[in-house]
Amino acid sequence: MDRTQKAELVSALNVTFGEVGVVVVTRNLGMTVAQSTSLRQKMREAGAAYKVSKNRLAKIALKDTAYEPISDLLTGPVALATSVDPVAAAKVAVEFAKTNDKLEIVGGAMGSTVLNAEGIKALASMPSLDEMRAKLVGLIQAPATKLAGVTQAPAAQLARVFNAYATKDAA
């Protein structure tokens, strides 16, 4: 990798750190290519990214971003999982680490808040942004549905009473 490629990688990582909501640092303890590909695919499906980069270049890219405090976690063979949704990358990384002992959660950060491995696992247990939106829509929609049912019930009862009188008179 020559100097220009390194500069491009650092600037791309710096832009990524400026846009994401969470960074999860994982330690790769000898994953196969198939396992790594599977993890990347799961990350993409969740709207996250998984990138292995040189620690020195990642530390340079972290400078002047909210995630600068996690540079201490970048030792050894690590990879960075990032996502705009603060829960997506953490959720996929923790789920994958449960089934694969070659991936270890080291820690991470959500904004300027540094999280240890337990903090990342707690973050992964939270509902995702889409799940929260669905719950919020359900909560907002429920009173309107109940109100429509309540206002419709008296009219339906009146219609049944009139129908009963009409059938009684016809008989």
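## Fold, surface and the setting of Thr 26

Of the 171 residues in the chain, 34% are buried, where buried means under 20% relative accessible area with a 1.4 Å probe and only protein chains considered. The structure is a predicted model, in which local features need pLDDT of at least 70 and side-chain atom pairs count only at pLDDT 80 or more, while totals for chains, interfaces and linings use all residues. Residues are numbered from 1 along each chain as its sequence is written, and side-chain values use heavy atoms, with hydrogens and water left out.

The chain holds 6 helices and 5 strands, arranged from the N terminus as α-β-α-β-α-β-α-β-β-α-α; helices (H or I, at least four residues) and strands (E, at least two) are DSSP runs. The radius of gyration is 26 Å, well over the 16 Å that the globule rule gives for 171 residues, so the chain is more spread out than a compact globule; the radius is taken over C-alpha atoms, and the rule is 2.2 Å times the number of residues to the power 0.38.

| Property of the chain | Value |
|---|---|
| Radius of gyration | 26 Å |

Thr 26 lies in strand β1 (residues 22-28) and is buried, with a relative accessible area of 1%. Its side chain makes a polar contact with the side chain of Tyr 50 at 3.4 Å, a polar contact being a pair of N or O atoms within 3.5 Å, of which, within protein, one must be able to donate a hydrogen and the other to accept it.

Conventions:
Buried < 20%, exposed > 50% of the residue type's maximum accessible area, 1.4 Å probe, protein only.
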